[in-house]
Structures are given as structure tokens and as C-alpha cells.
Amino acid sequence: MTVAPPATRARTPGAARAGAALVALSGLLTALVAAGWGLLVSLDHRVADGLHRRAVAHHGLTRANRILTDWLWDTWTMRALLAVVVLALFVRGARALALWAAATSALGTFVQQSLKAALGRERPSWPDPVDSASYAAFPSGHALTVTVTFGLLLWLAVVRGARPRVRRAVAVAGAVSALGVGFTRVYLGVHWLSDVVGGWLIGAALVALSAAAYGAWVTNRPRAAEGA
């Protein structure tokens, strides 16, 4: 089987178009959140109220969700996972690729914190909370970080020419993690549903645009992408 050269693998077809579409969707959702659109607020409250009643009633399930969100899918766990892969790439000589992935992850954190500060959306408030979280609600940092992390891991697997089964494993782990972390944050009553969806959309947009930008850079300066 013929293996495509690094410069060819770095060109992710449709990444720029996907990124533009995701930016449009995330921008629309952000605008609706900022405007306090009634239908969105109503949906958020209905979902949050329903899940909170279950969280209060099912202590075992609530405890399991807290373990998942505080340990397995914590933002620092996700950053550590990506850091291990980035370090491995750097050591193996793919320094440009490693630094690009690290910079994309850092940009995700910056965008997340900037939007939280700009919108200042309040988190759900309960008389009988089962968990707590600080700072503003939108977008969900957990949802955004897990999306950026696994999105970058999948992109790196493609660029490095990983075997199809490895790519599938990363994609499945990413999908399960994104959906899982989204559920835990709403179930535990620390985020609205739209916070989570916003985190997913913004995180996916960042990865798609970063992949497109890297592909364009490699095309123009193929020798600069060391070991991509």
C-alpha cells in the first residue's frame, strides 16, 4: 500500500469549509445566549430541571458522574493527555507539528476564558446542589477542552499516517468522551445544555481551522513541517 507523504497527509480536505460552518453555528449560538433568547433559555431550564431531580434522587449515579467529570474528563486530564502526545512528537522530530498542536490547545483555553469573561453567563443555581463550579458558564470549559483534545489527537493520527484502527479508536474515544462530559456537566447542575453545545461547536471549529491553516502552511513551506 502506498503511503502519502507528510505534506499530502497534512492537507485535510474540507477542513476550512467545516471550520467556517462551525464558526457560523457557534457564533449564532453565542449571540442567542448573549441575547437571552427565550426559547433557548426555556429549553436549558427544562433539561436542567429534569436532570437535577434525577441527580438528587440517585446518589450512586451522581457520585459516578462526579468521578468522571473530576478525574477522567477533567480539563487538566485532557491537557495532560495531549501534552504526552505532543512531547512524544517533539522528541521524535515532528517539532513544528507538536508546537502547532500545543498552540491550538492553548488558543482553545484563551478563547474559552475570553468568552466566559465577555458574556458572564450565570450557572444554574439550586437550593440542593449536588456539585459546584466557579466562574461563568458559557461555554463549558470541560466540553470545549475534551473536543479540542480529541479533535487534535484524531488530526495528528491522520497527519502522522496512523493505521485506520488507531484512527477509529481515537474517534470513538473522542465521541464517547465528548458526549459523556457533556452529560455529566448538565446532570450535575453546573452547566446549561447550551453551554455544552457551545463548547463542542467552538472546540470543533478551532481544530478544523487549525488543521486547515497547518495544511496551507505545509503546502507553502513543506520543508518547514519537520516530520509532519
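## Charges over aromatic rings

The charged end of R79 is placed over the ring of W76, at 4.6 Å from the ring centre. This contact belongs to a predicted model, as do the other features reported here.

## Aromatic pairs

A pair of aromatic rings is described by the distance of the centres and the angle of the planes. Five aromatic pairs are present in the structure. In one of them, the ring centres of W155 and Y214 are 5.3 Å apart and the planes stand at 85 degrees; because an angle over 60 degrees counts as edge-to-face, the pair is assigned to that class. W155 is part of helix α7, which spans residues 141-159, whereas Y214 is part of helix α9, which spans residues 193-220, so the pair ties together parts that are 59 residues apart in sequence.

Both partners fall below the 20% limit for a buried residue. W155 has a relative accessibility of 6% and therefore counts as buried; Y214, at 0%, is likewise buried. The two residues also belong to a cluster, in which ring pairs link W100, W155, Y214 and W217.

## The second largest pocket

Rolling a probe the size of a water molecule over the atoms shows where empty space is left. The second largest pocket has a volume of about 240 Å³. Its lining consists of 15 residues, of which T75, Q112, Q113, R123 and H142 are the closest to the centre of the pocket. The elements that contribute two or more residues to this lining are α5 (75-91), α6 (95-119) and α7.

Classified by residue type, the lining of this pocket comprises seven polar, five charged and three nonpolar residues.

## Backbone features between α6 and α7

Most residues other than glycine have a negative phi, and most peptide bonds are trans. The loop between α6 and α7 contains Y135, and P139 is found in that loop as well. The peptide bond from F138 to P139 is cis, with omega near -5 degrees.

Y135 has a positive phi, near 70 degrees, although the residue is not glycine. Is Y135 buried, partly exposed or exposed? Its relative accessibility of 47% lies between the limits of 20% and 50%, so Y135 counts as partly exposed.

Definitions and conventions. Residues are numbered from 1 along each chain as its sequence is written. This is a predicted model: local features need pLDDT of at least 70, side-chain atom pairs count only at pLDDT 80 or more; totals for chains, interfaces and linings use all residues. Side-chain values use heavy atoms; hydrogens and water are left out. Rings of Phe, Tyr and Trp (its six-membered ring) pair if their centres lie within 6.5 Å; planes under 30 degrees apart count as stacked, over 60 as edge-to-face and the rest as tilted. Helices (H or I, at least four residues) and strands (E, at least two) are DSSP runs, numbered from the N terminus. Buried means under 20% relative accessible area, exposed over 50%, partly exposed in between (1.4 Å probe, protein chains only). A charge sits over a ring if NZ of Lys or CZ of Arg is within 6 Å of the ring centre and within 35 degrees of the ring normal. On a 1 Å grid over the protein atoms alone, a cavity is a set of points where a 1.4 Å probe fits but cannot get out, and a pocket is an open set with protein on both sides within 12 Å along at least five of seven lines; lining residues have an atom within 4 Å of a point. Grid points are joined across faces, edges and corners, and a volume is the space filled by probe spheres set on the points. Ala, Val, Leu, Ile, Met, Phe, Trp, Tyr, Cys and Pro count as nonpolar, Asp, Glu, Lys and Arg as charged, and the others, Gly among them, as polar.
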